Amino acid sequence: PCDKRFNTSHLRTVDCNRVQRLELLGIDIDLAMQRLLLTRSKRDDYLELVSWARRGDRLLPNHLACVQHDPFDSLVHKLTHASCVIAMGRFHLYYCRKACRAPNRLRSNEVIIDHRADRELEWWELQLPRSDSHGLPLASRWDFPCSSESTIVRYSDASREPDEPIIKSGF
């Protein structure tokens, strides 16, 4: 049978019957809602960085924003982390990643935020404030190792969208 206790990232022993919400690496695991959510602090930090990238450090004559490469690259990686709990998030980073890699003739190490990357950042600006109510659902299996009629082992699969049926993989 499964042990009713487990260790969290803080190395504290927590009783499974009392825990409804766990925070791990900036992700809230809400057992009551059965969802993975971005923590409020991460959401606010990421939203501030997205707003900065859309404003830019300076504007070019063609009205495109320019930002420093390293902070923008860091933002793209943070949004990649957020896309683990925001449905369709990874799809809305393609042009931002492309902008990071694109060569340009600027003398400084800057990234040009073109209209397509700006549209992706706008999408993130709209999704991040809603991330505390949506999140990705936890998938559940009754026949997973160590499960029984009274014990359910939860796991998450970020590749499945909320309305998509669960397909048993045979593992």
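His63 sits in the loop that joins β6 to β7. The model is a predicted one. The chain holds 4 helices and 10 strands, and 33% of its 171 residues count as buried.

**Overall layout**

- Read along the sequence, the order of elements is β-β-β-β-β-α-β-β-α-α-β-α-β-β.
- Of the contacts in the chain between residues at least 6 apart in sequence, 54% link residues at least 24 apart.

**The largest nonpolar core**

- The largest nonpolar core has 28 residues, and the members that touch the most other members are Phe72, Leu79, Ile113, Leu121, Trp124 and Leu128.
- At least two residues of this core come from each of β5 (35–38), α1 (40–55), β7 (65–68), α2 (69–82), α3 (94–101), β8 (110–113) and α4 (115–127).
- The most is given by α2, which supplies 5 residues to this core.
- In soluble globular proteins, nonpolar side chains tend to be buried together.
- Leu121 is in contact with Val50, Ala53, Arg54, Phe72, Leu75, Leu79, Cys96 and Ile113, leaving aside neighbours within four places in sequence.
- Two of these contacts of Leu121, Phe72 and Leu79, are also listed with Leu121 among the core members that touch the most others.

**Helix α1**

- With 16 residues, α1 spans 23 Å from its first C-alpha to its last, close to the 22 Å expected at 1.5 Å a residue.
- Its buried residues are Arg43, Tyr46, Val50, Trp52 and Ala53.
- An α-helix has 3.6 residues a turn, so residues three or four places apart point the same way.

- α1 and α4 pack with their axes 10 Å apart, at an angle of about 150 degrees.
- This angle makes α1 roughly antiparallel to α4.
- The crossing of α1 past α4 is left-handed.
- On the α1 side the contact is made by Leu47, Val50, Ser51, Ala53 and Arg54, and on the α4 side by Asp118, Leu121, Glu122, Trp124 and Glu125.

**α1 against α2**

- The axes of α1 and α2 are 10 Å apart, and the two helices pack at an angle of about 135 degrees.
- α1 and α2 are therefore oblique to each other.
- α1 also passes α2 in a left-handed crossing.
- From α1, Tyr46, Leu49, Val50, Trp52 and Ala53 meet Pro71, Phe72, Leu75, Lys78, Leu79, His81 and Ala82 of α2.
- Val50 and Ala53 are among the α1 residues that meet α2, and both take part in the contact with α4.

**Gly56, after α1**

- Gly56 follows α1 and has a positive phi, near 80 degrees.
- Its place is the loop between α1 and β6 (58–59).
- Gly56 counts as buried because its relative accessibility is 18%, and the cut-off for buried is under 20%.
- Gly56 and Cys66 are 10 residues apart along the chain, and their C-alpha atoms are separated by 5.1 Å.
- Not counting residues up to four places away in sequence, Gly56 touches Ala65, Cys66 and Val67.

**Gly26, between two strands**

- Gly26 lies in the loop between β3 (21–24) and β4 (27–30).
- With 7% relative accessibility, Gly26 counts as buried.
- Lys42 is 16 residues from Gly26 in sequence, with 6.2 Å between the two C-alpha atoms.
- The residues touched by Gly26, apart from those up to four places away in sequence, are Leu37, Leu38, Thr39 and Lys42.

**Non-glycine residues with positive phi**

- His63 is a residue other than glycine with a positive phi, near 70 degrees.
- His63 is exposed, with a relative accessible area of 64%.
- Met88, in the loop between α2 and α3, is a residue other than glycine whose phi is positive, near 70 degrees.
- Met88 counts as partly exposed, at 38% relative accessibility.

Note on methods
Residues numbered from 1 in each chain as written. Heavy atoms only, no water. Core = buried A, V, L, I, M, F, W, Y, C linked by side-chain atoms within 4.5 Å. Buried < 20%, exposed > 50% of the residue type's maximum accessible area, 1.4 Å probe, protein only. Contact = heavy atoms within 4.5 Å. Expected span 1.5 Å × (residues − 1). Axes fitted to C-alpha atoms, helices over the stretch in contact; angles between N-to-C directions. Parallel < 35°, antiparallel > 145°, perpendicular 65-115°, else oblique. Left-handed = near helix turned anticlockwise from the far one by under 90°.
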